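Subject: Structure for your review

Dear colleague,

Please find the structure below, together with its sequence. My notes on what was found in it follow.

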Amino acid sequence: MRWRLAPLAVLFVLAPAQAQDDPLTYQTPAPQLAALVDAPRTPAVSLSPDGAMMALLARPSVPPVAELAQPELGLAGTRINPRTNGPSRASGFTGVTLRPIEGGTERAVTGFPEDARLRSPSWSPNGAAMAVLVDRDDRIDLYLVDVATGQARLALPHAVNDAAPGSSYTWLPSSDGLIVRTVLEGRGEAPAASLAPTGPVVQESTGEAAPARTYQDLLESPLDEALFDHYMTSQLVRVGLEGGVSPLGPAGVVTSFSPSPDGRYLLTQTRHRPYSYLVPWYRFPNRTDVWSLESGDLVATIDDAPLAERVPIAFGSVPTGPRSHQWRADAPATLVWAEAQDGGDAGAEAEVRDQLYALAAPFDGDRQPLATLPLRFSGITWGDDDTAIVEEYYWQDRTRRAYVLNPTAGTMEELFTVSFEDRYNDPGRPMTEANAAGRTVLVLDGTASFWTGQGASDEGNRPFVRRLDLATGESTEVFRSEAPYYEVPVDFLGEPGTTLLTRRETVTEPPNYVARDLQTGDVRAVTAFPHPYPELAEVQKETIEYERADGVPLSATLYLPPGYDAERDGPLPTLVWAYPTEFKSAAAAGQRSDSPYQFTYVSYWGAVPFVTQGYAVLDDAAFPIVGEGEDQPNDTFRQQLVMNAEAAIEAGAARGVVDPDRVAVGGHSYGAFMVGNLLAHSDLFRAGIARSGAYNRTLTPFGFQREERTFWDDPMLYFGMSPFMHAEKIDEPILLIHGDADNNPGTFTLQSERLYGALKGLGGTARLVLLPEESHGYRARESLLHMLWEEARWLDTYVKNAGPRETVRVGVEGEAAGGR
């Protein structure tokens, strides 16, 4: 149990790593930085199915570290709080306010327990009620909100089991009740380790390949298996709005359950033994059943999939046999699923990769072929008897394709084929609405559907809504965001194509919701959320565009301090913050992915806070890694990193705002991996900040990020891309920050510990900061304040106040992936 061992881990790791005479307590940064952590958070918003009501969900400030220090168990790739039988580290909200979209009196919901932490709100299909989970100290309850009165009440006496993956409750289509996953009554105490072991833990390979990517929190012992069963096993119950509770089916590790649109059947998926120590819970054996909601009897077992340890690692590979079971949203009770026709191996040649099948109630006939797909099935959006949108993709060449399916006639016509890397030609996604059963279906206007997307262009993102006639292919633009606003479509209000709810913002105005009349262009404000940090309203923000040495267009968002003038104040110390992204097309790599009209967020999380400390910031600097044709992006990963960095610094220096002799680079996760490589293979930067990164790729031998090749396919690639293997070349100061409970695949806390150990042993300048109780992203107030303190101290010491250096090398020529 990680929660029992964590305090010891902190003691034994932090003390020697920091080599301190006195233990370091949490520190607080400059007031301008601390204020960002404590800035009020804008409410989240949830729209009722009919679009008449908006729920404003009050979000709390960042939690204290004591909240993260609650008990935690890592089991089969998921983490739970054993006290509550729910997820650990779950974020939530503190209150609900109901606001009519068309105006009128808003109402704060009452009846929740005092100081309750609320989660997972869901509207009933008819919009008359809302269900909400309430986290208590030792259990999770389900509450129901009467929308008309704003009163909340406890829905059932049973504790909700929210530990098992998937949603822990769902509404019945009739809106007169719910299906809820509950903790077994009288289940007893959790299994405990015996004082003396009863035998060894044994795993065995019998000669069949079973490659697996790097996962965290896997089962490791029979005790883990017993704990998994204890906490994940639940009993489904049917709960009426008037309080009646009745069990449904036997207890089991139910990870998915969904009533049919007509409310007569319940589809369940139940994981069972044998479990695995190699893969997470979603690869465990899985039985798919249909139950009668009238009698509670088992109607049919649709499939019982075996343990899936041998799924190929090529992106887009899937287990063999039926998968992705779902109800057809526009039919009373018809199941639909996909089956791989290529052995599940996306790396194998195949003319057909997936076949879709359908089976209607009473589920005792033969499955019916629905669609044959040459690529991998990625989803289906149902419309009516004559219309559905089926999508497929193929990772290797970045293809995305959509079809119009006529389920009745059994015909399918291609709608479009695009590259999912090509943002400028992205047709968007179909707009949907909830039908009477609460199921998501296409918004249709005769034979036309509506599509919305980011609208990426060389002017920046301009979100849009288009009316697409599925019969003729004719497309008409209904809405497009116009300067000086960045305006994102949310949903239609009333009849499609008449009134559109959007979220609108400018560089100086925070996002707020407006109702836009698409006929007249009139706009009516729905919300008026205030500026979260008005004292920083004068921060200067600009999108800059430039090219790297090989001609690939790049961009970054430049932030400058309030009142800064380049001619008067001269160039500034600078922080570049980035995250590398792989592309198979140089043209796609050079496309913009931002908007010059978005609100100036000064979040505590990235680099932008340091604009308050006298730095220029190049945020979200484009760092594409391109490999066209037979070439793979990572074949020249390091050279392209350096080209990207050179171009960003030169662009800022050309504007007179970046001092090229005082530039730092920072990044999180894969961005931290980038930092390690840039410091090892160029002399462009004076220092680096690397948070929660992976630095030794041999510890992720079956692929990482978007790399499909294994370590054994190309060991020199893994060696060359690993900063750990070139630690002797990291001759600039590097600040390593990591959560001591990181559960992100591949970014073990060990990665930062080992790189720090190498740098210390080699005489490098480095500092390792392990944040107690933190995972891949940091959440506790104490952690965030301390993170900013560490970063500010590092930047001031090694960048802002650093003296000139004799030479600045702008790159390293002639390197292969293997190293400088």
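**The four-stranded sheet**

Four strands form an open sheet in the order β19-β20-β21-β22, and their pairing is antiparallel. From one strand to the next, the twist averages 20°. Please bear in mind throughout that this is a predicted model.

Strand β21 (residues 354-360) pairs with β22 in the antiparallel sense, over five bridges. D354 has L373 in β22 as its bridge partner.

**Aromatic pairs**

The whole structure contains 26 aromatic pairs. One of them joins F228 and Y275: the ring centres are 5.1 Å apart and the planes stand at 75°, so the pair is edge-to-face. This pair links distant parts of the chain, with F228 in helix α4 (residues 222-232) and Y275 in the loop between β16 (265-271) and β17 (286-292), 47 residues apart. Are these two residues buried or exposed? F228 is buried, with a relative accessible area of 1%, and Y275 is buried too, at 10%. The cut-off for buried is under 20% relative accessible area.

F450 and F492 also form an edge-to-face pair, with 5.1 Å from centre to centre and 75° between the planes. Here too the pair links distant parts of the chain: F450 belongs to strand β31 (residues 448-453) and F492 to strand β34 (residues 486-493), 42 residues apart. F450 is buried, with a relative accessible area of 1%, and F492 is buried, with a value of 7%.

One aromatic cluster is made up of Y579, F637, Y670, F673, F702, F704, F711, W712 and Y718.

**Charges over rings**

R398 lies over the face of W395, 4.1 Å from the ring centre. The charged end of R504 is placed over the ring of Y485, at 4.0 Å from its centre.

**Nonpolar cores**

The largest nonpolar core has 59 residues, of which Y546, L678 and F685 touch the most other members. Leaving aside residues up to four places away in sequence, L678 touches F623, L641, V642, A645, V665 and F685. Apart from this core lies another, of 36 residues, including Y533, F599, L785 and W794.

With kind regards

Conventions:
Residues are numbered from 1 along each chain as its sequence is written. This is a predicted model: local features need pLDDT of at least 70, side-chain atom pairs count only at pLDDT 80 or more; totals for chains, interfaces and linings use all residues. Side-chain values use heavy atoms; hydrogens and water are left out. A nonpolar core is a set of buried Ala, Val, Leu, Ile, Met, Phe, Trp, Tyr and Cys residues joined through side-chain atoms within 4.5 Å. Buried means under 20% relative accessible area, exposed over 50%, partly exposed in between (1.4 Å probe, protein chains only). Contact means heavy atoms within 4.5 Å. Rings of Phe, Tyr and Trp (its six-membered ring) pair if their centres lie within 6.5 Å; planes under 30 degrees apart count as stacked, over 60 as edge-to-face and the rest as tilted. Helices (H or I, at least four residues) and strands (E, at least two) are DSSP runs, numbered from the N terminus. A charge sits over a ring if NZ of Lys or CZ of Arg is within 6 Å of the ring centre and within 35 degrees of the ring normal. Two strands pair if DSSP finds at least two bridges between them. Axes are lines fitted to C-alpha atoms, for helices over the stretch in contact, and angles run from 0 to 180 degrees between N-to-C directions.
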